[in-house]
Amino acid sequence: MRDLRLLPKKSVSLPPMKSGFVNIIGNPNVGKSTLMNALVGERLSIITAKAQTTRHRIMGIVTGEDYQIVYSDTPGILTPHYKMQEAMMQFVHTALVDADVALYVTDVVEQHDKHAEYISRLQKLKIPLVLVVNKIDLTTPEILEQQVEQWHAELPQAHIFPTSALHKFNLDALFKLLIDLLPEGPAYYDKNQFTDKNLRFFASEIIREKILLHYDKEIPYSAEVCIDAFEEKTDMYRISGIIYVARESQKAIVIGHQGKKLTQIGTAARLDMEQFFEKKVFLQLFVKVNPDWRDDTKQLKKFGYLPNE
Ligand SMILES: Nc1nc2c(ncn2[C@@H]2O[C@H](COP(=O)(O)OP(=O)(O)OP(=O)(O)O)[C@@H](O)[C@H]2O)c(=O)[nH]1
Ligand SMILES: [Mg+2]
């Protein structure tokens, strides 16, 4: 029998592995988080109709046979008034620097002039740029066409892509384009890993989402959630969270008459957690006043806005 080792290797043309970072940036409320969740197929980022819902950079990892896309959802671009918002913008700037593909999201309702500062940055990018025009369910084909032309004139190098993240319209085609644009390379993360954040982070975000949904005015923007205990029992998670607000008057509003409001958001958060964790959850919530956390470096480190070195 012939020694098989001496035979020339049969050339099996496996498709090359594509991998890299697709970083999603854009103004507040345009649908960045809705888009990432839809592309990943998990509810990783919280979504509300209020601007500044996302405060962190949250990765969503999708791995297939021959690709790995590491999406990053980021906070909406704003002019910072607090150190917390400066940290939020730092997440955005880093995301522009370490992307393999930049995915800039706008929508059909926001004013074009809201982009001025970032347009010049986008024009100088050396990496592929995809400009997603989201919420096309809210406009007509004629208006959309005009907007696409305007974007094309301003960013001739961009792949302009109309979507409706809410209705999952055009997302398969977007995914294919992203795979095309990604460089060849090995997977960065284990194929079973789907995010860089831990269970505590998701628990705190789910509580924060309920605060955004149930309170108006300044409360959602003054509030932060910290998980002070997260016990993993065999049949359940026992979670204790502290809601920090800026003033005594806000604490009273968050708790509500006879604690009813707090019970209401606690129940809503627990139900969402049980769905997300696929586990029974026992949730306790406390409210504390913490006037200056948005400008306090130590606390911003504790809450994960600043690195801990
Ligand atoms: N009609 C419509 N609404 C959408 C679409 N995508 C997102 N939305 C809505 O827009 C609002 C904002 O969505 P988010 O995904 O939280 O937006 P974001 O850009 O992540 O916002 P920030 O985190 O605050 O910067 C929510 O009410 C979404 O339901 C869409 O395609 N069509
Ligand atoms: Mg968001």
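## Basis of the model

Because this is a predicted model, local features need pLDDT of at least 70 and side-chain atom pairs count only at pLDDT 80 or more, whereas totals for chains, interfaces and linings use all residues. Residues are numbered from 1 along each chain as its sequence is written, chains are lettered from A and ligands numbered from 1 in the order in which they are written, and side-chain values use heavy atoms, with hydrogens and water left out.

## Overall architecture

The protein contains 10 helices and 9 strands; these are DSSP runs numbered from the N terminus, helices being H or I of at least four residues and strands E of at least two. Along the principal axes, the C-alpha atoms fill a box of roughly 80 × 60 × 40 Å.

Of the 309 residues, 49% count as buried, that is, under 20% relative accessible area with a 1.4 Å probe and protein chains only. The protein exposes about 16200 Å², of which carbon and sulfur atoms supply 54%; such areas come from the Shrake-Rupley method with a 1.4 Å probe, and for residues only the protein chains shown count as cover. Among contacts (heavy atoms within 4.5 Å) with a separation of 6 or more, 71% join residues 24 or more positions apart.

Ser 33 lies in helix 1 (residues 32-40) and Thr 54 in the loop between helix 1 and strand 2 (58-64), so the pair, 21 residues apart, links distant parts of the chain.

Ser 33 counts as buried because its relative accessibility is 8%. Thr 54 is also buried, at 8% relative accessibility.

## The surroundings of ligand 1

Ligand 1 is surrounded by 23 residues, the closest being Lys 32, Thr 34, Gln 52, Thr 54 and Asp 137; a residue is included if one of its heavy atoms lies within 4 Å. Helix 1 gives the most to this shell, with 3 residues. The shell divides into 8 nonpolar, 11 polar and 4 charged residues.

Oxygen atoms of ligand 1 take part in several pairings. One is 2.9 Å from a polar backbone atom of Asn 29. In side chains, an N or O atom of Lys 32 is 2.7 Å from a ligand oxygen, and an N or O atom of Ser 33 is 2.9 Å from one. Taken alone, ligand 1 exposes 660 Å², and the protein buries 90% of that.

Conventions: Buried means under 20% relative accessible area, exposed over 50%, partly exposed in between (1.4 Å probe, protein chains only). A polar contact is a pair of N or O atoms within 3.5 Å; within protein, one must be able to donate a hydrogen and the other to accept it, and residues adjacent in sequence count only if both atoms are side-chain atoms. Ala, Val, Leu, Ile, Met, Phe, Trp, Tyr, Cys and Pro count as nonpolar, Asp, Glu, Lys and Arg as charged, and the others, Gly among them, as polar.
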